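Work through the exercises below with the sequence and the model at hand. Each task is followed by a solution in steps.

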Number of protein chains: 2
Amino acid sequence: MFDYRRTHTCGELRSSHIGKIVTLSGWIHRRRDHGGIIFIDLRDRFGLTQLVFDPKTISEELFDQASRLRSEWVISVKGQVIARTEKMINPKLPTGELEIYVKELEILSSSKTPPFSICDEDIEVNEELRLKYRYLDIRRGLVAHNLLLRHQLMLTTRNFMSEQGFVEISTPILGKSTPEGARDYLVPSRIYPGNFYALPQSPQIFKQLLMISGMDRYFQIAPCFRDEDLRSDRQPEFTQIDLEMSFGKPEDIMSIIEELMTKIIQIVSPNTSSISFPKMSYKDCLESYGTDHPDLRFKMPLVRLDDIIEQSEFTVLREQLAQKGCIKAVLVKNGAELSRREIETYTQFVSLFGVSGLAWMKCQSESLSSNITKFFSSELLTDLKNRMQCEIGDLILIAGGEEARINQGLDHLRRKIAKERNLIDPSNMHFAWVTDFPLLRWNTDERRIESEHHPFTSPHSEDLEILNTDPLKVRALTYDLVLNGYEIGGGSQRIHNSELQNKIFEILHLSKNVIQEKFGFFVEALEYGAPPHLGFAFGLDRILMILAKTENIRDVIAFPKTQKASDLMIQTPAKVEKKQLNDLKVQIEPIEIIWT
Amino acid sequence: MFDYRRTHTCGELRSSHIGKIVTLSGWIHRRRDHGGIIFIDLRDRFGLTQLVFDPKTISEELFDQASRLRSEWVISVKGQVIARTEKMINPKLPTGELEIYVKELEILSSSKTPPFSICDEDIEVNEELRLKYRYLDIRRGLVAHNLLLRHQLMLTTRNFMSEQGFVEISTPILGKSTPEGARDYLVPSRIYPGNFYALPQSPQIFKQLLMISGMDRYFQIAPCFRDEDLRSDRQPEFTQIDLEMSFGKPEDIMSIIEELMTKIIQIVSPNTSSISFPKMSYKDCLESYGTDHPDLRFKMPLVRLDDIIEQSEFTVLREQLAQKGCIKAVLVKNGAELSRREIETYTQFVSLFGVSGLAWMKCQSESLSSNITKFFSSELLTDLKNRMQCEIGDLILIAGGEEARINQGLDHLRRKIAKERNLIDPSNMHFAWVTDFPLLRWNTDERRIESEHHPFTSPHSEDLEILNTDPLKVRALTYDLVLNGYEIGGGSQRIHNSELQNKIFEILHLSKNVIQEKFGFFVEALEYGAPPHLGFAFGLDRILMILAKTENIRDVIAFPKTQKASDLMIQTPAKVEKKQLNDLKVQIEPIEIIWT
């Protein structure tokens, strides 16, 4: 019987193999009949190799068999490696200098005609169809490539973290619902009907307990879950690279993360040597970029002009200052060429974020020109030009109003202009640390104070005195990592003192009952000798999206869910048997899902 | 301010460090006051170091501070490494040649008195208390040690599998309930009320889909779930090392697993060189050991005596043969010394398994003696003695009856005797492959045919012809791995043909509807060119139990559940808020759980 075990993969043969008898197995990628000869590109994960069935050199039976072959059938062949004639060499293919003259053929599986082309990667396929036939979509190459990258990233991370003395420890997936954070996925308990486990949104409490356990340095590539209405870049199930260490300070963990990130970048760009990780406080970051996760691949900072406007006669903007607003501007390099109509589109754009208008000035000669220069003395104009570092050919856009809106509007404007004017080198990777976030924030919808990160974050020791009097001003010992405008991870020093932890819970207006029921065990654990500890977590999927240069999170996950949290291939969620619900004592009438 | 960041761990200092100024941080393990001097053993995960507070050499303030220290407080100290005097050297401690003369002390956390002693590892602590205060239990060392072993095992596995060309791919945890197998944990869908996800019992279908995707070689250290009433060695959440490959045959995957197992054993026994992995068919294994997962660290096989008994006058046993039973015997080396009363306890023991009696013969001189030798001719006795390889001083125990009962009874008897008579070298690791299990079995309770492994297992090609006529006789292409009497893993060649897969579902009496609803997508996937593929899976927890020499699965898991699937520390499962259930449209009244 024919042994389908290959001697080489379809990407492996080179001219040094010419003359050898080999066995290859794989899928029929493409078939061409040319001058009575059948040519087949045989495919596996490793590449393509050309097979030749020449009726002059093989039996009629074998040629007949070859004639029946169709796309995506799985075959195994034995044959001889032959050099292609010079003009038949395919320089795009690593195996392009040779072909296999097939002597034996075994058909391992036939295939129906696929619902979309496998061999033509460039054809855009409807994503629902791709997800329904994910196993065919993976064969097309893009997702397979990302899965290999994901594997390398995980292995690199694990080996690096282990070398740094971190121990990978799995924490429970059947956890407990907590009142803070997003909505939990719940799992009904059969043994205790009406009670539920919750799938973890992060291993936060467990990793802190591991520090209290004395494990010293922990990490985990952890599955996490969130039952939220999904944005396009979110999944109900996502993966977090999670770590925690004892007896360290923020700069220690930051330097470990920097080294790890460098190793991760080197997976896709092996020649990367040293990457810089500039640090900014949250306050400075907001001042200069209007956001806490700026894209620093291009400059164009936000520049404050409060004092200059104050001295001008420009009443529209002075009015904003009088109402406790602020004035900020951005410089558009070589933007003086823009027409009024083009500038008008920017004005409309920022109005989406509640910014009421944009004033502009062009630097077409030595001085600034605009319909508003008349409100400024020439000295003020010189000050303004210098502060903006404005040169001939540049454009200044100025906005005034409530600070949060101005920040949001100019942040978006800054990114829009950079994209339109090609200011971003896509091969560039620009990291930055943003530190010292506020500990707490005001949730306008729910009218209550909530944690900016999570309730276990340590306040700055010098801000402890205003914790009662001015809690929203308290800075936290946090450090977020930003890459190319995305917040890819964050961490903090944790509270390791039960009294302070209880105090924070109180400020968050958690009732004593809730604290006891949900966090009682944790506050108790802090009473048995907790070391100073701190940690970090970052989204594996997000980093992969950046490395794989895709905006679609589903392209970096083997079997993702849709934005309605369903799996179109296995068709879940799904009805279950009555008996299963009876076991759980759960009553519910299922709604019908129509799968297309 | 004092910087608590250590220069060394508590297990690191050696005599080469003497004279150095160091900073150590950790927990107070033990404190002794001796001749007015305070000695403290400072502990972290890496070891113990002795601290000395000598009132003659330090300030009164520092000595007072040291006097307040109690067990499990967390401190950081700065001091000088000093050689201990010869008679104070502790050879049991790697740091035993030195001590630290403390110059500065910072108390980082105090601790209440723990509910059990941390420093006295040998004291038996009630397991419920250990689980409730898991973070303190881990500090005691045993579980911490096992977690480090677990980490090493996972990392070794990942690097080895990766070197072999396997790609780690995470499969979904929000999966779909399937009708085969154990009870699923369900997760209610909020978007589609009344529909459910199921947590996976294994990634079986996904890994096969990855082979159909062309990923070629997959592995995963996968969290798996099973909502069953728990035996003491089971957990609701467990971990499976899972792999699958295309275009291979059983011997290929067996040799990969053998190499991996050797690497795993070398973690605890670095000097292990070559381990043997003998192979046995299921049929031969049952014949010789009465079980499909024999402990081969000792011999003592079951020996069939049907023909010899047939020729004897021993009517009691001949009667069993007449009723289609069998006669098997075991040899107890040097067992002739056993009294009738001792043999009687064995008879009672096997009766628990439905074996009606044990006949015995002793070899106290050249010939066999017993109250039943009179039923045998001297030639038959010689035959029997030779077949049993019986020598002077040995005992033969014979049982007859229904084959399954005899196998079960003698298997248990064999292990009981081995344990009692110390025939097992606990440092020995004895692997064996057991191949060619039956494809199907008869479920007596439910009166239906079910899969012995799972419905995707490929039958032996030479048995395909009896699939319809005599399905219970069909052998499967399976290979189970046995270690020291435990089945630690298993795998099989899979069906890669949709017609055969449908045929098997039919034999399992799954209705067309159920096949379509639960497995429709999978059968369809098989129609698009599935490669021959095969895989293996083994329980990480079980292997760790064997390596860590514990019978308690909870000792190898950081935060395990009880046999009632609850977590005593975080107290889950738990009630959730009404709003959460409303979101899911789930109606249920919670029962109250009393946590002690």
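**Exercise 1: the interface**

In this predicted model, 123 residues of chain B are in contact with 123 residues of chain A.

Task: State how much area chain B and chain A bury between them, and what part of it is on carbon and sulfur atoms.

Solution. Step 1: the size of an interface is often given as the accessible area lost when the parts come together. Step 2: for chain B and chain A this area is about 11400 Å². Step 3: carbon and sulfur atoms carry 60% of the buried area.

**Exercise 2: charged and polar pairs**

Task: Find how many salt bridges cross the interface of chain B and chain A, and check the pair B:Asp583 and A:Arg183 against the rule.

Solution. Step 1: the rule finds 16 salt bridges across the interface of chain B and chain A. Step 2: the closest N and O atoms of B:Asp583 and A:Arg183 are 3.0 Å apart. Step 3: the cut-off is 4 Å between a side-chain nitrogen of Lys or Arg and a carboxyl oxygen of Asp or Glu, so B:Asp583 and A:Arg183 form a salt bridge. Step 5: on the side of chain B that touches chain A, helix α4 (residues 142–163) gives the most, with 9 residues. Step 6: that side of chain B has 64 nonpolar, 28 polar and 31 charged residues.

**Exercise 3: the largest cavity**

Task: Give the volume of the largest cavity and describe the residues that line it.

Solution. Step 1: the whole structure holds 5 cavities of 30 Å³ or more. Step 2: the largest cavity has about 760 Å³ of space. Step 3: 47 residues line the largest cavity, and the closest to its centre are A:Ile173, A:Ile221, A:Pro223, B:Ile173 and B:Pro223. Step 4: elements giving two or more residues to this lining include α4 (142–163) and β9 (217–225) of chain A and α15 (540–547) of chain B. Step 5: by class, the lining divides into 25 nonpolar, 10 polar and 12 charged residues.

**Exercise 4: backbone details**

Task: Locate the cis peptide bond that ends at A:Pro573, the one that ends at B:Pro573, and the residue A:Asn422 with its positive phi.

Solution. Step 1: in chain A, the cis bond joins A:Thr572 and A:Pro573, with omega about 5°. Step 2: A:Pro573 is in the loop between α15 (540–547) and α16 (578–584) of chain A. Step 3: in chain B, the bond from B:Thr572 to B:Pro573 is cis, with omega near 5°. Step 4: B:Pro573 is in the loop between α15 and α16 (578–584) of chain B. Step 5: A:Asn422, a residue other than glycine, has phi near 55°. Step 6: A:Asn422 is in the loop between α12 (403–420) and β17 (431–435) of chain A.

Definitions and conventions: Residues are numbered from 1 along each chain as its sequence is written. Chains are lettered from A and ligands numbered from 1 in the order in which they are written. This is a predicted model: local features need pLDDT of at least 70, side-chain atom pairs count only at pLDDT 80 or more; totals for chains, interfaces and linings use all residues. Side-chain values use heavy atoms; hydrogens and water are left out. Contact means heavy atoms within 4.5 Å. Buried area is the accessible area (1.4 Å probe) that two parts lose on being put together, summed over both. Helices (H or I, at least four residues) and strands (E, at least two) are DSSP runs, numbered from the N terminus. Ala, Val, Leu, Ile, Met, Phe, Trp, Tyr, Cys and Pro count as nonpolar, Asp, Glu, Lys and Arg as charged, and the others, Gly among them, as polar. On a 1 Å grid over the protein atoms alone, a cavity is a set of points where a 1.4 Å probe fits but cannot get out, and a pocket is an open set with protein on both sides within 12 Å along at least five of seven lines; lining residues have an atom within 4 Å of a point. Grid points are joined across faces, edges and corners, and a volume is the space filled by probe spheres set on the points.
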